[in-house]
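Colleague: Before I read anything into this picture, I would like to go through the words used for it. Please show me the model.

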Amino acid sequence: MKPITHIAYIIVILPLMALLGITTSCTKKLPMTTIAVQDSIRHYYPLVQGTDLTILWRVANTGQTPLVLTDVQPSCGCVVMDMKKDVVIPPGNDIVLRFIYRSEANTGYVRHTIRLFGNIVPKGMANLVFDLNVVVPALGSPDYEEQHKKRNEFDIQTGVKKLVDGDESQRGYWTDDNDYSRGYNRYYWWKSRK
């Protein structure tokens, strides 16, 4: 009878120990922190279909605890990000998030949201929003967007664009003039930074 009792112990005790280990495992909840994003809602100029748009967002940790970005979810597969998982930003520091918008599959007005998840006040999420018009390439003579693209490429090659516009991370878009895009009432800390 002894082998049966050993088997009974194994069948009963091991699952209970595993359940106990799962329910009492070491989990630590991070304290929430505040962030600031320069121009979290952006309106980009028209883009010819098939071209890529590089978008850079600077995210600053304005809180007292480290910011841990656990996930970044673009609203479309046409927005690709260059970021490793679980990025940690110490208090008072910032990071530049780089996204590439690929316009092959879109035509007309496009609006996308990128959701940042982590220990962010108030509910663990922040939204980055951009919109633009994707224009179909003209057949025959080039339209304004195609001429602008060629001129822009020439200015980049010669260095004129950087002298006039600054670095690529500077503007290239416009925001709404009425308020800071992340200055809504729920983001009270941004208004104190003005």
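Predicted model: local features only at pLDDT ≥ 70, side-chain atom pairs only at ≥ 80, totals over all residues.

Colleague: What does the chain consist of in terms of secondary structure?

Modeller: There are four helices and eleven strands. The chain has 194 residues, of which 34% are buried. Its exposed surface comes to about 12600 Å², and carbon and sulfur atoms supply 58% of that.

Colleague: How do you know that Asp 94 forms a salt bridge with Arg 58?

Modeller: The closest N and O atoms of Asp 94 and Arg 58 are 3.4 Å apart. The cut-off is 4 Å, between a side-chain nitrogen of Lys or Arg and a carboxyl oxygen of Asp or Glu, so a pair at 3.4 Å qualifies. As background, side chains of opposite charge can pair when their charged atoms come close. The structure holds one salt bridge.

Colleague: What makes this pair a link between distant parts of the chain?

Modeller: Asp 94 belongs to strand S8, residues 94–102, and Arg 58 to strand S4, residues 52–61. The two residues are 36 apart.

Colleague: Why are Asp 94 and Arg 58 called partly exposed?

Modeller: Asp 94 has 40% relative accessibility, and Arg 58 has 41%. Buried means under 20% and exposed means over 50%, so values of 40% and 41% fall in between and both residues count as partly exposed.

Colleague: How do you know that S4 and S8 are paired strands?

Modeller: Nine bridges join S4 and S8 in the antiparallel sense. Pairing needs at least two bridges, so nine are enough. Thr 54 stands opposite Ile 100 in S8, and Ala 60 stands opposite Asp 94 in S8.

Colleague: What pairs with S4 besides S8?

Modeller: S1 does, as the order of this open sheet of four strands is S1-S4-S8-S6, with antiparallel pairing. S1 and S4 are joined by three bridges. Ala 36 has Ala 60 in S4 as its bridge partner.

Colleague: Why are S1 and S6 said to stand at the edges?

Modeller: S1 and S6 (79–82) each have a single partner strand, so one side of each has no neighbour in the sheet. From one strand to the next, the twist averages 30°.

Colleague: Why is Gly 124 called buried?

Modeller: Gly 124 has 12% relative accessibility, and the limit for buried is under 20%, so Gly 124 counts as buried. Gly 124 is found in the loop between strand S9 (108–118) and strand S10 (125–135). Leaving out residues up to four places away in sequence, Gly 124 touches Met 32, Leu 116, Phe 117 and Gly 118.

Colleague: How many of the contacts in the chain join residues at least 24 apart?

Modeller: Among contacts between residues at least 6 apart in sequence, 69% do.

Conventions:
Residues numbered from 1 in each chain as written. Heavy atoms only, no water. Buried < 20%, exposed > 50% of the residue type's maximum accessible area, 1.4 Å probe, protein only. Contact = heavy atoms within 4.5 Å. Areas by Shrake-Rupley, 256 points an atom, 1.4 Å probe, with all protein chains shown as cover. Axes fitted to C-alpha atoms, helices over the stretch in contact; angles between N-to-C directions.
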